[in-house]
Amino acid sequence: MSTVQATSATAVQDLAKNLIKTFDANSDGQLGQDEFGSFLSQLMSGIQTASGTLSASSQTATPGLQTLSKGPLRRDLFEGFNFDREQLVEKSAKDAFASLAGGAGAVPATKAEAESWFNQNIKSGMESLGHKVDWVQGDKFQFSNWQGSWVVDFVRGADGPNPSFSWQAEPAGASLT
């Protein structure tokens, strides 16, 4: 008989809580039929197969949600991301961020909005995937994982006319002189 480590169970429970929080439109702590349908539509939109990406029907897709599938993903919101390759969210913090940001909606327009948006939509998901978020300040955050510790500017053009998601990473502690 195999055993499951407690940390694995905790990660699954955290993921389940985040999914309910994300799809619980009426905030009753439960997923009703329509809310669960929205979850399944987004899940099916992101399932990768050997021959490409399966996409849910556009009639059942949830408006406003973005996935890493080739269909509803708003690639125009991202700069410097390669969505044509396999996305490894547990190994790559960049892939994890892109996956979570794609499902969270529009790009925050200001640094103040970016910090709040990240804490609400990205932080717990990144951590449940094994990328510890050390801090968030405006449109920057620091994470630590098997790759080391990195500071990332995740919104290009925050406080400007046309912001987009980006991944401008520097090793933590690096000085920009």
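Start by selecting Lys-94 and Phe-81: the charged end of Lys-94 sits over the Phe-81 ring, 5.0 Å from its centre (the rule asks for NZ of Lys or CZ of Arg within 6 Å of the ring centre and within 35 degrees of the ring normal). A quick note before moving on: this is a predicted model, where local features need pLDDT of at least 70, side-chain atom pairs count only at pLDDT 80 or more, and totals for chains, interfaces and linings use all residues. Residues are numbered from 1 along each chain as its sequence is written, and side-chain values use heavy atoms, leaving out hydrogens and water.

Phe-81 and Phe-83 are a stacked aromatic pair, 5.9 Å centre to centre with 5° between the planes (rings of Phe, Tyr and Trp, the last by its six-membered ring, pair if their centres lie within 6.5 Å; planes under 30 degrees apart are stacked, over 60 edge-to-face, the rest tilted). Phe-81 is buried, at 15% relative accessible area, and Phe-83 is buried too, at 7% (buried is under 20%, exposed over 50%, partly exposed in between, with a 1.4 Å probe and protein chains only).

Next, pick Phe-97. Its ring centre is 6.4 Å from that of Phe-81 and the planes are at 25°, so this pair is stacked. Phe-81 is in the loop between strand S2 (52–53) and H3, while Phe-97 is in helix H3, 16 residues apart (helices, H or I with at least four residues, and strands, E with at least two, are DSSP runs numbered from the N terminus).
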